[in-house]
Amino acid sequence: MAVMANHEVDLFVIGAGSGGVRAARVASAHGARVMIAEEYRVGGTCVIRGCVPKKLLVHASRFSDEFGDAAGFGWSVSEPTFHWPTLIGNVAREVTRLESAYTDTLERFSVALVKSRAMLEDAHTVRILSSGARIRAETILIATGAWPHYGPKIPGLEHAISSNEAFRLSELPRRIVIQGGGYIAVEFACIFAGLGSQVTLVYRGENILRGFDGDVREHLRDAMRRRGITVTCGHTVVGIEQSGDEYVTRLSDGSTIAADKVMFAIGRRPNLMGLGLDAVGVKIAEHGGIAVDAYSRSSVENIYAVGDVTHRVNLTPVAIREGHAFADTVYGGKPTPVDHTNVPTAVFAEPEVGVIGLTEAQARVQLARLDVYKTSFRPLKATLSGRETRSFMKLLVDGVTGRVVGCHLVGPDAGELIQLVGVAVKMGATKADFDATMAVHPTAAEELVTLREKAKSYSREAAE
Ligand SMILES: Cc1cc2nc3c(=O)[nH]c(=O)nc-3n(C[C@H](O)[C@H](O)[C@H](O)COP(=O)(O)OP(=O)(O)OC[C@H]3O[C@@H](n4cnc5c(N)ncnc54)[C@H](O)[C@@H]3O)c2cc1C
């Protein structure tokens, strides 16, 4: 829209991603006059270059196993071939469709969309950079998300791509080096490996997926190695040199790896640059995100922030919930704090990971008594396919109350399973509740309600 100088709104939202779009449309439905600025594409990271296009690539990457597995079930499949441009083109088309669905939603809810970068001029004024227009707003919501971080400047860093560019490669790299050990690095390692690339994952820590349960980390690393991915822990990339068409990556131990692409996925930082926060007095927390209270209000009374820019739990459903809660609080007459405990989450690796609640290490510190139930088994499908794969499941139970405080799954559909386990855990289900639930047979999930033997028990007195 053409923005007039001195336009006035009740709410100005900076950033039309997961959190910003939800907040804008709910605030508008509550009766607020809302304007939203987006500097790139409506939908934000999740829709444009995150969750959605990534999951489509994950689906694509899993067909290679399916073709291989089919033989044991009597199918003969001629040598499958894969065409990257078809995949990337189809993903891009779906992203464009979603982007226009998001734009339509804003229009339907009478939210004024400004396609421009925006910044704060003072606590009640937003400047639209493309036109120089100034918008007066009673309340401002910052929902600018996060941005890939590349770490210290090393020689040749300009050759490294991030996940942003991975969605736009003109061809599938035959060989790729990925630096990072978080879920984005791990997922892309599995995507490229599934599509046929030779993948080396380089991570500086002792094992991938820092912050996840130790058994899950080990199980997944071993499974990735079995699938042919080279997982190199304890090293970093210290330089990248271009040599003709290839890139030679030098590691901290002096070794080198030649590849067609080098990708860094070592973390994402809150997108604060150039927003003018300092001048307005918006405080930044120690972790680098905007400091907010349980209602997402910043240190400046009329300025709020939601999503990755606050660096709380950096996931789409969390950003959406925070945006919704903000709008209900400020415009719906219903103060709504966001509960960030027991957020279920998935890693769409191969095999998939689904987790909720405490890790075993955390539970040992927090609980007086802890019972650990776990199992590892060969999925039924693998018996005929012959695939070397095992699923893993672990329940952590408070030994005093019987409540399930953590669930950690590795195996097919772990993301789908953990969504439902999440309901039970959020409701405070006990191990006895799990046991009282009849199994669905034959499934993998039935293992969760038939775990009888404690693998381990800890009690604080015993440890003292
Ligand atoms: C590769 C990848 C995979 C992911 N996979 C998952 C997943 O499977 N599940 C999951 O839950 N989460 C996933 N995430 C995380 C998820 O995408 C984010 O947590 C979520 O998008 C955060 O939403 P947000 O509203 O905070 O920010 P964003 O969605 O990033 O939106 C911020 C928007 O603000 C715009 N903007 C920034 N600055 C300005 C400015 N000054 N003026 C105007 N506009 C501005 C940006 O262009 C952007 O569109 C993934 C992320 C990545 C990168």
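Pro442 sits in the loop that runs between helix H13 (431–436) and strand S22 (456–459). The peptide bond joining His441 to Pro442 is cis, with omega about -5 degrees. This is a predicted model: local features need pLDDT of at least 70, side-chain atom pairs count only at pLDDT 80 or more, and totals for chains, interfaces and linings use all residues. Residues are numbered from 1 along each chain as its sequence is written, and side-chain values use heavy atoms, leaving out hydrogens and water.

Most residues other than glycine have a negative phi, and most peptide bonds are trans.

**Terms**
- Helices (H or I, at least four residues) and strands (E, at least two) are DSSP runs, numbered from the N terminus.
- Buried means under 20% relative accessible area, exposed means over 50%, and partly exposed is in between (1.4 Å probe, protein chains only).

**A cis bond at Pro351**
- Glu350 and Pro351 are joined by a cis peptide bond, and omega is about 5 degrees.
- Pro351 belongs to the loop between strand S17 (345–347) and strand S18 (353–357).

**Positive phi at His311**
- His311 is not glycine, yet its phi is positive, near 50 degrees.
- The loop between strand S16 (303–305) and helix H9 (316–331) holds His311.
- His311 counts as partly exposed because its relative accessibility is 25%.

**Positive phi at Asn342**
- Asn342, also a residue other than glycine, has a positive phi near 50 degrees.
- Asn342 lies in the loop between H9 and S17.
- Its relative accessible area is 25%, so Asn342 is partly exposed.
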